[in-house]
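Trainee: I have just opened this one and would like to be walked through it. Could we start with the charged pairs and then move on to other topics?

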Amino acid sequence: MNDITLVTDHAQLKTLAGTAVSLYESGLLPKAIKTPQAATMIMLRGIELGLPAVASLGLIHVVEGKTELAGTTMQALLQRAGIAIQTIDSTSEICRLRMSRRIGDFDVAEEYQFSISEAKAAGLTGKDNWRGYAKDMLYWRALSRGARRIGADVIHGCYVTGEIADAPEVVKIETVSVESVDTPTVPMIEAAPEPAAPTYAERIALAASVADLSLIGAELSNS
């Protein structure tokens, strides 16, 4: 795998942020990208993964702060890193993949699968893409499952497109507090509002050194 060039230079980061503004103002970015700052973050994430910065805007999606990749992009990253992907079984009922790579002095090979029964249990099969393209959807889910295990160092925790949005919601249990009738009511004193934190764009503009920019870049990549 080729070395990944990280943006650590003050001028480079400012150029990237300026490019993001220009692209955003063009009106041609995906609708999900709402701000130039979001475009900057996506391009930085793409650079870390070894993807072209501008191409990343169409290949990377951020959902609930996590990164999703198009299935073909995830597969390309794995194969570029020397991870072989063999299809053992691929139907509308189940997909089984064998993924192998060399790690140090060892050859590692494992099988990963995703079945339609798992999709049904997760409530996925009622969606249009699953009804019409179950075979493809099972393949991408099996690939994503294997990628996060045998290729964790390649995709850095990314998911395949739609995987986060399709995840079952966590059930929240509300707790009800019972107040005693003998307890006097104490008036609540509202705390003074805290000043708004500066945006990443403001911090980039005010950065005085490469070290400051590196810190901002690290925060963006971990968000």
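Mentor: A salt bridge here is a side-chain nitrogen of Lys or Arg within 4 Å of a carboxyl oxygen of Asp or Glu, and please keep in mind as we go that this is a predicted model.

Trainee: Okay, how many salt bridges does the structure hold?

Mentor: There are nine salt bridges in the structure. As background, side chains of opposite charge can pair when their charged atoms come close.

Trainee: Which side chain does Glu 118 meet in a salt bridge?

Mentor: Glu 118 meets the side chain of Arg 145, with 2.9 Å from N to O. Glu 118 belongs to helix H5 (residues 116-121) and Arg 145 to helix H7 (residues 134-150), so this pair ties together parts that are 27 residues apart in sequence.

Trainee: What does Glu 118 touch, leaving out residues up to four places away in sequence?

Mentor: With those left out, Glu 118 touches Gln 113 and Arg 145. As for Ile 94, which is 24 residues from Glu 118 along the chain, the C-alpha atoms of the two are separated by 9.4 Å.

Trainee: And how do Glu 118 and Arg 145 count for accessibility?

Mentor: Glu 118 counts as partly exposed, because its relative accessibility is 27%, and Arg 145 also counts as partly exposed, at 22%.

Trainee: Which residues are linked with Asp 166 in a network of salt bridges?

Mentor: The network links Asp 166 with Lys 127 and Arg 141. The side chains of Lys 127 and Asp 166 meet at 3.6 Å, N to O, and this pair links distant parts of the chain, with Lys 127 in the loop between H5 and H6 and Asp 166 in the loop between strand S6 (159-160) and helix H9 (200-206), 39 residues apart. In the other bridge, the side chains of Asp 166 and Arg 141 meet at 2.9 Å, N to O, and here the partners are 25 residues apart, with Arg 141 in helix H7.

Trainee: Is Asp 166 buried or exposed?

Mentor: Asp 166 counts as buried, because its relative accessibility is 14% and the cut-off for buried is under 20%. Arg 141 counts as buried too, at 6%, whereas Lys 127 counts as partly exposed, at 34%.

Trainee: Switching to rings, how many aromatic pairs does the count come to?

Mentor: The count comes to two aromatic pairs. In one of them, the rings of Phe 114 and Trp 130 have centres 6.4 Å apart and planes at 40 degrees, so this pair is tilted.

Trainee: Last topic, helix H2: how many of its residues are buried?

Mentor: H2 is mostly covered, with 11 of its 14 residues buried, and among them are Met 41, Ile 42, Met 43, Leu 44 and Arg 45.

Trainee: What should the 14 residues of H2 span?

Mentor: Helix H2 (residues 36-49) should span 20 Å at 1.5 Å a residue, and its end C-alpha atoms are 20 Å apart, which agrees.

Trainee: And which residue follows H2?

Mentor: Gly 50 follows H2, and the phi of Gly 50 is positive, near 90 degrees.

Definitions and conventions
Residues are numbered from 1 along each chain as its sequence is written. This is a predicted model: local features need pLDDT of at least 70, side-chain atom pairs count only at pLDDT 80 or more; totals for chains, interfaces and linings use all residues. Side-chain values use heavy atoms; hydrogens and water are left out. Rings of Phe, Tyr and Trp (its six-membered ring) pair if their centres lie within 6.5 Å; planes under 30 degrees apart count as stacked, over 60 as edge-to-face and the rest as tilted. Helices (H or I, at least four residues) and strands (E, at least two) are DSSP runs, numbered from the N terminus. The expected span of a helix is 1.5 Å times one less than its number of residues. Buried means under 20% relative accessible area, exposed over 50%, partly exposed in between (1.4 Å probe, protein chains only). Contact means heavy atoms within 4.5 Å.
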